[in-house]
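Here are my notes on this structure, point by point. Please read them with the model open.

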Amino acid sequence: MTAAPGGNAVLRGVRARLGALLPGRGDLAAVRRDPRRDLLAGLTVAIVALPLALGFGVSSGLGAEAGLATAVIAGALAAVFGGSNLQVSGPTGAMTVVLVPIVAQHGTAGVLTVGLMAGILLVALAVLRAGKYMQYVPAPVVEGFTLGIACVIGLQQVPGALGVAKPDGDQVLVVTWRAAAEFAAHPNWTAVAFAAAVAAVMLAGARWRPTVPFSILAVIAATVVAQATHLDGAKPIGALPSGLPAPSLGFLDPGSLGTLLAPAVAVAALAALESLLSASVADGMTVGQKYDPDRELFGQGLANIAAPLFGGVPATGAIARTAVNVRTGAGSRLAALTHAAVLAVIVFAAAPLVSKIPLAALAGVLIATAIRMVEVGSLRAMARATRSDALILALTAAATLALDLVYAVIIGLVVAGALALRAVAGQARLDEVPLEGGDHSAEEHALLAEHIVAYRLDGPLFFAAAHRFLLELSEVADVRVVILRMSRISTVDATGALVLKDAVHKLRRRGITVMASGIRPGQRQVLDSVGALELLLHDGRDYATTPEAIKAAHDHLEHTGILPARPARTTTTDEDALR
């Protein structure tokens, strides 16, 4: 039994599309250019990434081992299959913010299932060429989103920094308040000292020597001090497995897929947004690099499909680690792949040492990371740009802190869209213009002006602006003919056409003849679909130019006896200028 020709064509199309998303010879050639520099960059990034992977794993609720597994598995697959030569992927603070409520509601198995489902969705987005649409997210939404994430990450570390058990709840402000109350009742100054010292070393060191990995140095120092002094309150991470677990689908419960679809969509949306944003930032920091957004989604999809099989959390491109990668001279995927390999060696060879790191030290790392995420200059520039940009930024940041990241982005996009529509609608105008026509004497112009009025419609005639035209047109009085000059309408939708139809209806019921000039071919279908075009026709036609419409109006007024007949004349006016 042979397959239908149409089915074969679809399969060939899918195979061709998948083939375009796979690594090519160009990627291999880039790896061979300067492998020594890439290996050094990868080692540097791994040193920076180790405490972050541990910290984000702990913050997610799945443990430090989950963060390490994600950094190794997702980092390697995204490096090979992603669309950027410079991107470094792994667990991130933004994703941790999304995962905390999922852990609270659905447990570890739910998070792993959500990651797997999100990976499949990302692959589907890549096949559908959805990557290019991420560039339409407005800059104030991105800045507000980043600011909100930084606040949430910092607040999430409060229990660890204060040395108290994380209180129940998935609302970060509530959890922070409860942790502060617990600390007030039972203070743990040792934990506070570790967190503050690590954060201070990282922040000061970044200003002094930006290329030195002060995060790992501070964590090592804190671990040495904790082990040497046996201080109470310096609780360590705890035992870690000496290696990655065998891949397994044992966590998957088919019956829960329906309830986990919405969280999976949220995780996929965040992974796409953050990864493409990070890849774009990396391109902006270099010359000659250009990432492929669809390949990046494909690589992130494969990474998120594989990471849960090894107990890892969902991953995204990491802006901070990617920036370190670029600054240390990375030029190809080999650097990000090296970063994953070094972390894998640490997992297998140094798990007992890693397990002794104080939790408060990791909290300090993440607090410093959250502070460094806030670009004060960018925020100040965005807030000063326009009131709309400042409002969008503030709303997105507040929604990120009070609700969740996906709702925050949706709110930011909706508000940005509404304000943009308002600005576009404000450009639409309806202006009364003087009658033009070189074949009329001054006396005739004065006479015509008593009976004919011309309006020029400028800009978009759509739902957000159309009702102003209805009001202005309906108030026309003491004339016999209204000419609508429509050549400058940039766009018209069904709402605008319906409102125009209503206005023309009202004018005609008052005995006013309506004529139109300059209707574009693209506008005719919309006007005709709602019955507005028929009302704009005079004697079955509209007019290409305004002088033609004026002549027809004059003839109409002569025919009705309102104006006296005049001798025929030859028009000498440049009609193209009067459309």
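1. Helices here are DSSP runs of at least four residues, strands are runs of at least two, and both are numbered from the N terminus. On that basis V374 is found in the loop between α16 (359-373) and α17 (376-385). Keep in mind that this is a predicted model.

2. Is V374 buried, partly exposed or exposed? Its relative accessible area is 27%. Buried would need a value under 20%, and exposed one over 50%. V374 is therefore partly exposed. Setting aside residues up to four places away in sequence, V374 touches L147, A150 and L379. A46 is 328 residues from V374 along the chain, and the two C-alpha atoms are separated by 23 Å.

3. Next, a helix pair. The axes of α4 (residues 64-81) and α12 (residues 293-306) come within 8 Å and cross at roughly 155°. That makes α4 roughly antiparallel to α12, since angles over 145 degrees count as such. The crossing of α4 and α12 is right-handed.

4. Which residues of α4 meet α12? From α4 come I73, A74, L77, A78, V80 and F81. From α12 come R295, F298, G299, Q300, L302, A303 and A306. By class, this contact of α4 with α12 has ten nonpolar, two polar and one charged residues.

5. A second pair is α6 (residues 139-156) with α8 (residues 172-185). Their axes are 9 Å apart, and the helices pack at an angle of about 30°. That makes α6 roughly parallel to α8, because the cut-off for this label is under 35 degrees. The crossing of α6 and α8 is left-handed. V152, L155 and Q156 in α6 meet V172, L173 and T176 in α8. The residues of this contact divide into four nonpolar, two polar and no charged.

6. Now the core. In soluble globular proteins, nonpolar side chains tend to be buried together. In this model the largest nonpolar core has 92 residues. Which of them touch the most other members? They are L54, L240, V267 and I357. Helix α5 (residues 93-127) gives the most to this core, with 16 residues.

7. Take L240 as an example. Leaving out residues up to four places away in sequence, L240 touches L54, A64, E65, L68, A351, V354 and S355. Apart from the core of 92 residues lies another core, of 28 residues, with Y455, L500, V504 and L527 among them.

8. E432 is in strand β3 (residues 429-433). E432 touches V453, A454 and Y455, not counting residues up to four places away in sequence. E432 is exposed, with a relative accessible area of 56%. M95 is 337 residues from E432 in sequence and 56 Å from it in space, C-alpha to C-alpha.

9. Two backbone angles deserve a look. Most residues other than glycine have a negative phi. R129 has a positive phi of about 60° although it is not a glycine. R129 lies in the loop between α5 and α6. At 46% relative accessibility, R129 counts as partly exposed.

10. Where is D539 found? D539 is in the loop between α24 (532-536) and α25 (546-559). Phi of D539 is near 55°, again a positive value in a residue other than glycine. D539 is exposed, with a relative accessible area of 72%.

Key:
Residues numbered from 1 in each chain as written. Predicted model: local features only at pLDDT ≥ 70, side-chain atom pairs only at ≥ 80, totals over all residues. Heavy atoms only, no water. Axes fitted to C-alpha atoms, helices over the stretch in contact; angles between N-to-C directions. Parallel < 35°, antiparallel > 145°, perpendicular 65-115°, else oblique. Left-handed = near helix turned anticlockwise from the far one by under 90°. Contact = heavy atoms within 4.5 Å. Nonpolar A, V, L, I, M, F, W, Y, C, P; charged D, E, K, R; others polar. Core = buried A, V, L, I, M, F, W, Y, C linked by side-chain atoms within 4.5 Å. Buried < 20%, exposed > 50% of the residue type's maximum accessible area, 1.4 Å probe, protein only.
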